[in-house]
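User: I would like to learn how to read local features in a model like this one. Please take me through a few.

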Amino acid sequence: MNVHVWNRIQAAGKLLGDAAKAAPAAKRAHVKLKTDKEVARMIANEFRSEHGKTARGGNEILGNNIKKYLARLKKEEYEIGIATHNSVLSVFSRVAFYRECRQWFEKMRHRDIQSYNNVLTAYAKAAHTYDVKKLWSGIAQEGLQPTSHSFVAVLTMMKNDGRTYSLREVGKVLKAAAPLNIFIMNSALNVVSNADDAHELFTYMLKKTSVTPDRFTLLAVLGKCDSNTTLAEEIWTKCIASGIVPTVKEWTALLAVYKDLGAMRPLHSAWTRLAESVKPSEITYSTFIKGCVQTGSLEDGHEKYIEALKTYNATSPRIHTNMMQLCAAANNKQHADAVMANITGLALKATPPLLAAYNSITT
């Protein structure tokens, strides 16, 4: 072969080789890398279902999974900034892994109020009052302005820490949190300890703020009513008038107010109203049966128990426990044995209260 031709072939080969080496870099240069906010959204989407996996995975597995995911993103040269770190904090906060949340928080070079809110929420869910107060001081020290999420975290801590807070103490938080929104008001309603305080706070919300109640408002107030059916019906009427369309959860909460009255007629009336509006859930049936325990009405409770078995297969231990307690109240061994047979057939575990009720039956 002519030496000149050979030299040309070698030169062409070198050019092709250099081009091949340069291609990946050129490709990377033309690819638009993910921004910090885009990576944050990727984190949120990737770990959206972690709340349901907590019992199976645990905090160590979740933490390792997040670290591996971030390491892969870093290899792909994605931008990792404060938005991404806040998204990680949010994942830990959502499942109340406060230690992991705090560790990640401490490693961050830059923090904003969202960073603090995520850690506050994690500690609030775990009822760590001291840490919530310490973090709140940190917000002021860094010159940050608390948001509604910050105050919701404080109210969540007050709800979970086991103390009984007066309406005045709750009012101080609301005063500092102004302007108020539905999340703050609903959180405050969950903190107050009795029906009168809940009623006063609800009235304040309607008359003194521009906040419109929602389904969670109704649930919060009904949960404080105990057996005060007059108050429950008043709140119910006002919430319906504001445009709320109750779901089975709200109807069941209203039914629960009637269950401790010890009278079947109002309980039946509440059930009829509920059944005309929504399809009862398994919890609804369980609530009705619990009401029958107070009255000793075995026939009514047994009827709803059979309905629940036919409709939902009654896989919740609660409904069987309530039915067994009703059998114990009526001292009826035949129905009690049928409940035990159902539990065995559904491969459910008999709860200690259920066994105690069963063993108390003497005939």
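User: Where is N228 found?

Analyst: N228 sits in the loop between α12 (215-222) and α13 (229-241). Helices here are DSSP runs of H or I, at least four residues, numbered from the N terminus. This is a predicted model: local features need pLDDT of at least 70, side-chain atom pairs count only at pLDDT 80 or more, and totals for chains, interfaces and linings use all residues. Residues are numbered from 1 along each chain as its sequence is written, and side-chain values use heavy atoms, with hydrogens and water left out.

User: How is the accessibility of N228 classed?

Analyst: Buried means under 20% relative accessible area, exposed over 50%, partly exposed in between (1.4 Å probe, protein chains only). N228 is partly exposed, at 31%.

User: Which backbone nitrogen lies 3.0 Å from a polar atom of the N228 side chain?

Analyst: That of L231. The C-alpha atoms of N228 and A195 are separated by 7.7 Å, with the two residues 33 apart along the chain.

User: At what angle do α9 and α10 pack?

Analyst: Axes are lines fitted to C-alpha atoms, for helices over the stretch in contact; angles run from 0 to 180 degrees between N-to-C directions. Helix α9 (residues 167-177) and helix α10 (residues 182-191) pack at about 170°, axes 10 Å apart. That makes α9 roughly antiparallel to α10 (over 145 degrees).

User: Which residues make the contact?

Analyst: Contact means heavy atoms within 4.5 Å. V170, L174 and A177 of α9 meet I184, M185, A188 and V191 of α10.

User: Which residues of α20 are buried?

Analyst: In α20 (residues 352-359), L354, A357 and Y358 are buried. The face turned away from the buried side carries the exposed P352 and N359.

Technical notes:
Helix = DSSP H or I, 4+ residues; strand = E, 2+ residues; numbered from the N terminus. Parallel < 35°, antiparallel > 145°, perpendicular 65-115°, else oblique. Polar contact = N/O pair within 3.5 Å; in protein donor to acceptor, adjacent residues only side chain to side chain.
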